[in-house]
Amino acid sequence: MADETAPSETTLLGESKIFTPEVINDIHMKAELGRYRMRGGGIFKKIPHWDELVFLPGTLTRFVIEGYREKCETKTVLGSRFAKKPLELDIPIYITGMSFGALSLEAKMALAKGASMAGTATCSGEGGMIPPERDLSTKWYYQVIQSRYGFNPHHLMLADAVEFFIGQGCKVGMGGHLMGQKVTEQVAEMRSLPPGIDQRSPARHPDWMGPDDLSLKVQEVREATDYQVPIQLKLGASRVYDDVRMAAKCGPDVIYLDGAEGGTGAGPHIGTEETGIPLMAAIPEARRALEDVGLADEIDLVVAGGIRNGADVAKCIALGATAVAIGTAALMALGSNKEIPGVTDYVGATGAPASKFYHMHTGNDPAGITTQDPELRKRLDVDEGAMRVYNFLHALTLEAQMLARACGKTNIHSLEPEDLAALTTESAAMAKVPLAGTNYVPGVTEDKTLGEIKQLLEKHVANDGLAGGSGV
Amino acid sequence: MEQVMQAPEQSTVATKPGRYDIRGLAEPDAVAPRTAVVSGDKAELDAADLSTRQINLELRRLLNEEGVSDITVRNPRARHSIAVGLLERCRIKIDGSLGYFGCGLIDGPEIHVTGRVGWSVAENMMSGVVVVDKNAGSLTGAAIRGGDLVIRGHVGARTGIDQKGGTIIVGGNAGSMTGFMMQRGRQIICGDAGNGLGDSMYDGTLYVAGKVASLGIDCVEAEMTDADAELIDRKFRIYGLDRPDTFRKFVCGKQLYNYDTLEPSERKLVL
Amino acid sequence: MCGIAGIIYTNGRGDVGRDMTNMLQAMKHRGPDSTGYALYGEPNDLLVMRFKLADPNDGSDFGYEERLNRSRREVEARLAKIGATIDRVEGESEYAYRATFRYDGELKPLADYVEDVPGAEVLSLGHSLEIIKDLGDAETVAEQYRLKEFTGTHAIGHVRMATESDVDIAGAHPYWAYPFSDVAVVHNGQLTNYHQWRRRLERTGHRFQSECDSEIIAVYLAQSMADGLPLEAAMKQSLEDLDGVFTYLVVTQDQLGMAKDEMAAKPLVLHEGDGVVALASEEGAIREVLNQEIDSYDPYEGEVMVWSR
């Protein structure tokens, strides 16, 4: 073996961690294109995530529930605040809104069918209702989204719940995207747009400009739907405490919070990387906000963003979510990012191997999911896809139940933040749970101690007065 | 599509604290007041002492249970969210003014408002006619998809934002960003238009008789054709409006349709 | 998140307390947390100061009343010490007071001196401006402070849904343009260069009682007027200087102005009638004082309008 430490004329001093090969390539590309770069998927850079939390199951202090046999209720009710018909789900997980346009018809149908098999809901996403999806969904959210593409009051009346899309975690403060390659005649017609154009949807709703107007918009939709179904406000996680307080005061039944880990079918790379805060940090802020406005027991919290397994689900619920929505993972369950031997060729079609595929925006999805191409779409079988989605939802539920039972819960919604410990100080500070093996919650512990010192000092001053002070 | 109506139910349980809405906007337990005076297929409703919910419940009751198809609402007192979500043919006269979101999410009704309307009147209307005798606030006809929306007075900013069809006619002036991100349909403005007319519009046509403060991005002037003149004539005849002599026509310049450069992976490979 | 309203009687005076209460109550849904008034009575040579010595949220422990009394005596002593001749000091609620006095000196040292008393905040100071704000809806506040009997020339008001700060009086509008006599502002919207402006004004010696962007507008305008600009010109310049979306109302001893930013994202309905001009976030509020069929319209983007009494 050559001695790498020996002096040499060709030795490199090192390599930049700032100007990495990817960064250099990005600069070259932008110099060619003259615009920001688009892509699908979620955040690339490393952010504190659910892996940094663990559960504290029962041993002797707690009675554990028989892991694979005894009861652990998963029924989840959303929106019983004002809705005459709250949304009742068998499991605390549902499929989030992804548009027909971003997804193929077959993908939308398979997700709807799989969710219905699992006793849970799907959501229309942007771009309007497609009847086959509605038919296959036993519980169906209809989205009121900024662009109002395809929005139809008749379809609104068919909804089991209404979601106001105000923002998404992947690109908070920005509108949706759909590149022209995916805007077929059919997609364009549903959206009343010319085919083939790059859709950059509005970032704001057309008919309200701020929370005071939103209050009235919520009233309008309630009046139109006769108070039958829950109204949910979907927010990207950003200034969570203030946003959730404001949202709560607009009168919704449910608030949906989307963390920075969330994905998209297409968005500016820089928007995906640089906006929003992790879900782990957002949920405790949202709970605190709801408590501070006195609506913690009235408004349900749905969360989403980068959920991969039943542990992520259970951790979200423990921190205070009523239900969890999944998107990216559901597409993977359908078969996204998976090479089918002899059929798909990820590297050939997109330049990236299946495991690194994020090219949903191009419409060249080899798995036939995020595409409108008739040939590619044939690769996705609706029934098989639905079965995989059902299997995945079922597995997520089993995993979450397993952890809940281990913590002694006969109901998954009994999970609480005290069932968690953090593995890093960052996650302890964000999730506001103690660092494992300690009582230390960064920020919280210090505040508490300061409060105690203040109180002691006040008592001391009240008893002895300032005059007789210790000469400090 | 029939609307799901539930019989007004008595509240049996003690009101949960969360059902109480400090703002007074959510009225989950309200019932139809049954105070309208019905004669044949016509009815008259005095809304002076009724809440938004009560007015809407009474409208639904008259239309769906009493077989009434012509309703006059008196004393609406600029309340919000009145006559929304009506998906049937009917005639409604609002004798006075409406607040925000008046006549939103409708398909079919013919509505005449004798006063003024607040923001977002007739938003997402699918078909039908809404005529407003006085002024309108901002976001008039937001995301409208069909039908005729006629404002005899002035309108605020962002008229016909995200418009997807139908016709908006304004007798007076329009504010800034008129036709912002418009997708289809027409607007006929008899007075002046504010800054940013037709900004980022995708399609559709804007006709303006008065001064245009400035055009928005990718909005360009086009030649008036006989078909344009015929359309305007016809609409003005229907609604008995004074027709300004000349209109200018504005359409999309189509420069913003696509990113002008694509990365290799974004180019369409298959098909 | 809020509703704003203004009224000015262009020839004479009116039941400004009652009218403003009715307007604000009609917009309760826009802000049920707190309600505030800036009312103008008949100007005279006495100065009127509204101040509070505690917040309704403060716990009233056993020493509470004694502390308030002590603070009140301290305020009176300080007014006398700085050279004011006190006419009267009345308790308006258990923690809010109205003082009238004669005083010829600069207002800033006086206000600073009063606010140096623990818990004290000067809500307004001028020859006819009186700011009253407290928790609850307009009816509640009007009842508590007996505002329905207040007659005067013009007023602005505000209902607030607390968002970025807490439910307390310090966060409630209107804001007096400390330390400028008789100037106040209410505002719907948000300034996105608030912190820049705050630091800039602080560098020139201003102090701010709240974290609220509306207070910036009040001080900004008053400072511009003190620098010699007429109100309307100051307001026009504010459209250039302030970023964000906003519609605000400003009042001086004899004027009421409204400004709407270029984005026109915050509502205002305006009625100019015989002898009265009424403005509000929603038409329903104007209807409460002018029940007959009226004409009203929305001012356009970038518009500045001023009315004199």
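The legends below describe several close-up views of a predicted model.

**View 1. The nonpolar core that gathers residues from chains A and C.**
In this predicted model, the largest nonpolar core holds 307 residues, and the residues with the most contacts inside it are Ile255(A) and Ala184(C). Helix α14 of chain A, which covers residues 382–406, gives the most to this core, contributing 11 residues. Once the neighbours within four places in sequence are set aside, Ala184(C) is in contact with a set of residues that includes Ala38(C), Ser124(C), Leu129(C), Ile131(C), Trp176(C) and Val251(C). As a general background to this view, nonpolar side chains in soluble globular proteins tend to be buried together.

**View 2. Two cis peptide bonds in chain C.**
Among the contacts of Ala184(C), leaving aside neighbours within four places in sequence, is Pro174(C), and a cis peptide bond joins this proline to His173(C), with omega at about -5 degrees. Pro174(C) lies in the loop that connects β8 (154–160) and β9 (175–176) of chain C. A cis peptide bond also joins Tyr178(C) and Pro179(C), where omega is about 0 degrees, and Pro179(C) is found in the loop between β9 and β10 (184–191) of chain C. For the reader new to such features, most peptide bonds are trans.

**View 3. The two assigned domains of chain C.**
The domain assignment divides chain C into domain 1, made of residues 2–36 and 141–308, and domain 2, made of residues 44–126. The centres of domain 1 and domain 2 of chain C, taken over C-alpha atoms, are separated by 24 Å. Where these domains meet, 13 residues of domain 1 of chain C are in contact with 14 residues of domain 2 of chain C. On the side of domain 1 of chain C that touches domain 2 of chain C, seven residues are nonpolar, four are polar and two are charged.

**View 4. Phe357(A) in its loop.**
Phe357(A) is placed in the loop between α12 (346–350) and α13 (374–377) of chain A. This residue counts as buried because 26 other C-beta atoms lie within 10 Å, where 20 or more are required. Leaving aside neighbours within four places in sequence, Phe357(A) is in contact with Asn337(A), Tyr346(A), Thr350(A) and Ala352(A). Between Phe357(A) and Ser336(A) there are 21 residues of separation in sequence and 8.5 Å in space, C-alpha to C-alpha.

Strand β9 (residues 184–189) of chain B runs parallel to β10(B) and is joined to it by four bridges, with Gln187(B) having Leu206(B) as its bridge partner. Strand β12 (residues 248–252) of chain B runs antiparallel to β10(B) and is joined to it by three bridges, and here Leu206(B) stands opposite Phe250(B).

**View 5. Two residues of chain B with positive phi.**
Arg34(B), a residue other than glycine, has a positive phi near 55 degrees, and its place is in the segment before β1 (37–39) of chain B. Leu139(B), also not a glycine, has a positive phi of about 55 degrees and is found in the loop between β6 (127–132) and β7 (148–151) of chain B. Arg34(B) counts as partly exposed because it has 14 C-beta neighbours inside 10 Å, whereas Leu139(B), with 34 such neighbours inside 10 Å, counts as buried.

The contact between chain B and chain A takes 53 residues from chain B and 57 residues from chain A. On the chain B side of this contact, α1 (52–64) and β8 (164–170) are the elements that give two or more residues, and α1(B) gives the most, with three residues. By class, this side of chain B has 24 nonpolar, 16 polar and 13 charged residues. Turning to chain C, 23 residues of chain B are in contact with 16 residues of chain C, and the side of chain B that touches chain C has five nonpolar, 13 polar and five charged residues.

Key. Residues numbered from 1 in each chain as written. Chains lettered and ligands numbered in written order. Predicted model: local features only at pLDDT ≥ 70, side-chain atom pairs only at ≥ 80, totals over all residues. Core = buried A, V, L, I, M, F, W, Y, C linked by C-beta atoms within 7 Å. Buried ≥ 20, exposed ≤ 12 C-beta atoms within 10 Å, placed from the backbone. Contact = placed C-beta atoms within 7 Å. Domains from an automatic or database assignment. Nonpolar A, V, L, I, M, F, W, Y, C, P; charged D, E, K, R; others polar. Pairing = 2+ DSSP bridges.
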